[in-house]
Amino acid sequence: MGLLRNLRAGLRLASFRKVGIEEFHFSIDQIVLLALIAPLLGFAGSYLTSDPPRDFYLPAIESSAFHLVLALGFAFAATRLGAEAQLMRLCVLLLSTVVFEWLIVTGLGLAELQLEWLTRRPVANVATLLVGVWFGGVCYRALRLACPLGRLRSALSAAAYLAALWLISDFVPGERYWETDTWSIAQPAEEIDAERVLFDQRDRIDETLAAILPERPGVPDLYFVGFAGDSVQDVFMREVQFVQELFDHQFGTLGRSIGLINHLETLNRHPVASESNLEAVLSGVARWMNLDEDVLFLFLTAHGSPESLAVDFPPLPLNPIDPEGLARMLDRAGIRWRVIVVSSCYSGVFIDALQDEQSLVITASAADRESFGCSSEADFTYFGRAYFKDALDQGLSFVDAFEAAAGQVARWEERDDVEPSNPQIALGARIPVKLAELETRRKAVARR
């Protein structure tokens, strides 16, 4: 009965209705029972607000246990100060609001699953602020009920109260015990015969290269290779498909473009985006090029790390691509004139290995920064949209498109209150002449 009594009074406290201290039941048993209800509700709430397949997040248990130990330590300190009764009251009052808090947190989570705009950073920031203001008001009411200001014995005991208040607030049932297992969503392992797919790649590459048109004497042809390295989120596939179409129509690469894509949807149309396939394609394309006058545009998009570009297509065992390895592929192929765009987190790590006098290298971020916009619902990453769709597709040159995209991305990141990605560019001393030739060809294509 004491537990139900506390939960009813807690609802009144959390909804800012009139409630008196006599409506609560105070005991160590109540603190234990209420403290156990919070993670149980959090367990259920995070399960309801995450899409299947779900993955249990063990650190959430560790976090709750750690804060419980700290709370007990502060409780001991308050007891030594003669504030045992007040601290017990504070714990019961706050923990009694757990059901109301769970309703708010779970309700917001369920709404976000249905309304994508609620997850956008400005809206999410406002929601977080409102919840914080509400919870701050609840804490203030609890503090005044449990420890009237005139009865705070000293500044030290007041500090102990506030520390306990902060620690107890960690028991708000918003802890994510369950998360959507994004790595299992896109490509169910049972739908792919990994051995067969890998065995077929050599024939798929040969067929793709056989369809490539040769260079035209006296014409500075542009060849396009796109690489969508991650199958888990659809955005990388969509980016490469858009950019390949853009180059085919605006830069005349139709018949001279190849897309390597990791996605179940394109498995029967495109070669897999793998390290070995990329090397084979670069070597094969080079055989069709006039290496003295033709230019390669290489676009790679995926997740990234400070060491490499991630290459994932579960259950295929694929290697990441590191900057030095990519440079070796291009050098072995003999491709001299290069425009390379790498769109991933930490993609700036590719600059040093790839830059030279005959190359333009563009990356979506600095070597120590993340980039943003990856999701299965999006058609582009932030940089992909800003550079290709909003700049290059509007007629800007490769270099001018970078300047416009860098500014646009910075504005989006400021809006979202995230650390700037700082896109990078390395323009070789000799490549501008080739870029000017490509712009002339682009205008000729547009006049047709």
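1. After helix α1 comes F16, with a positive phi near 60 degrees. Helices here are DSSP runs of H or I with at least four residues, strands are E runs of at least two, and both are numbered from the N terminus. The model is predicted: local features need pLDDT of at least 70, side-chain atom pairs count only at pLDDT 80 or more, and totals for chains, interfaces and linings use all residues. Residues are numbered from 1 along each chain as its sequence is written, and side-chain values use heavy atoms, with hydrogens and water left out.

2. Helix α1 itself covers residues 2-14. Its 13 residues reach 18 Å from first C-alpha to last, close to the 18 Å expected at 1.5 Å a residue. The expected span is 1.5 Å times one less than the number of residues. Which residues of α1 are buried? They are G2, N6, L7, A9, G10, L13 and A14. Buried means under 20% relative accessible area, exposed over 50%, and partly exposed in between, with a 1.4 Å probe and protein chains only.

3. Overall, the protein has 15 helices and eight strands. Of its 448 residues, 48% count as buried. The accessible surface comes to about 21,100 Å², and carbon and sulfur atoms hold 58% of it. Areas come from the Shrake-Rupley method with a 1.4 Å probe; for residues, only the protein chains shown count as cover. Among contacts with a separation of 6 or more, 77% are between residues 24 or more positions apart. Contact means heavy atoms within 4.5 Å.

4. Six strands make an open sheet with mixed pairing, in the order β4-β3-β5-β6-β7-β8. The edges are β4 (257-261) and β8 (424-427), each pairing on one side only. From one strand to the next, the twist averages 5 degrees. Two strands pair if DSSP finds at least two bridges between them. Strands of a sheet pair through backbone hydrogen bonds, either parallel or antiparallel.

5. Within this sheet, β5 (residues 295-301) and β6 run parallel and are joined by seven bridges. Which residue of β6 is the bridge partner of L298? The partner is I340.

6. Helix α9 (residues 235-250) lies across β3 (222-228), β4, β5 and β6, at about 170 degrees to β3. Helix α14 (residues 398-416) lies across β5, β6, β7 and β8, at about 20 degrees to β7. Axes are lines fitted to C-alpha atoms, for helices over the stretch in contact, and angles run from 0 to 180 degrees between N-to-C directions.

7. F383, G384, A386, Y387 and F388 are buried in α13. Their cover includes α9, β5, β6, β7 and α14.

8. The salt-bridge count is 15. The rule asks for a side-chain nitrogen of Lys or Arg within 4 Å of a carboxyl oxygen of Asp or Glu. D234 is buried at 18% relative accessible area, whereas R238 is partly exposed at 25%. D234, R238 and D379 are linked in a network of salt bridges.

9. D356 and R338 form another salt bridge, with the closest N and O atoms 3.8 Å apart. This pair links distant parts of the chain, 18 residues apart: D356 sits in the loop between α12 (351-354) and β7 (359-363), and R338 in strand β6 (residues 337-343). D356 is partly exposed, at 33%. R338 is buried, at 5%.

10. K434 and E437 meet at 3.2 Å, N to O, in a salt bridge. Both lie in helix α15 (residues 431-447); they are three residues apart, so about one helical turn separates them. An α-helix has 3.6 residues a turn, so residues three or four places apart point the same way. Is K434 buried or exposed? K434 is buried, at 8%. E437 is partly exposed, at 29%.

11. Last, S283 in helix α10 (residues 275-288). S283 is partly exposed at 25% relative accessibility. S283 and G334 are 51 residues apart in sequence, with their C-alpha atoms 8.0 Å apart in space.
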